[in-house]
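Please look at the sequence and the 3D model shown here. The paragraphs after it take up a few residues in turn.

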Amino acid sequence: MDNVEARPMGRSRSIMTELVFPTDTNHHGTMFGGTLMNYIDKISAIAAMRHCGKPVVTASTDSLDFLAPIRMGETVELEAFVTWTHRSSMEVYVVVRAENLFSGHRRVTCTAFSTFVAVDEQGKPVAVPPVAPENDAERKLHDSAPERYEQRKKRRAQRFTTTE
């Protein structure tokens, strides 16, 4: 996609809100981490598709940091947007907030970075447009993304695989 104009980060911004029910929680009355990871993957994929306008597949999720528990009866809000692109890949940042609907208290409970790859009808990677930050917070995420990209490459190269 040579000479393609960069798309603003806000174009990919996606928000998902869910109420946490008893079936979403463990024996501590807090949300299952796996359920939250499922939500993160879904909202990240939506943000990636909004950015590139193509089907995407999850390549990796890293820096998934659980910062505080989410309790039954609270809402969980996920905000995701594309922070950086390479040839066919996109880094998506997700911030998760919990809210007590009775007190109005909101807090960040999780952050994550995921990488998605745009694909064609045959599942082959295709080029994606670059992304342009629109404010200082977005610029900070965008400017630090190449370092995270290199860390992911290094991790892939060092990955342990078993032989069968």
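A polar contact is a pair of N or O atoms within 3.5 Å; within protein, one must be able to donate a hydrogen and the other to accept it, and residues adjacent in sequence count only if both atoms are side-chain atoms. The side chain of E138 reaches the backbone nitrogen of E134 in this way, at 2.6 Å.

The model is predicted: local features need pLDDT of at least 70, side-chain atom pairs count only at pLDDT 80 or more, and totals for chains, interfaces and linings use all residues. Residues are numbered from 1 along each chain as its sequence is written, and side-chain values use heavy atoms, with hydrogens and water left out.

E138 lies in helix α3; helices (H or I, at least four residues) are DSSP runs, numbered from the N terminus. Relative accessible area is called buried under 20%, exposed over 50% and partly exposed in between, using a 1.4 Å probe and protein chains only. E138 counts as buried because its relative accessibility is 3%. Leaving aside residues up to four places away in sequence, E138 touches M9, R13, F81 and P133, where contact means heavy atoms within 4.5 Å.

D136 is also found in helix α3, which covers residues 136-158. Its relative accessibility is 62%, so D136 counts as exposed. The side chain of D136 makes a polar contact with the side chain of R139 at 3.1 Å. Between the C-alpha atoms of D136 and P8 there are 13 Å, although the two residues are 128 apart along the chain.

Turning to cysteines, C52 is buried at 4% relative accessibility, and C110 is buried at 0%. A search of the whole structure finds zero disulfides, a disulfide being a pair of cysteine sulfur atoms within 2.5 Å.

Methods: Helix = DSSP H or I, 4+ residues; strand = E, 2+ residues; numbered from the N terminus.
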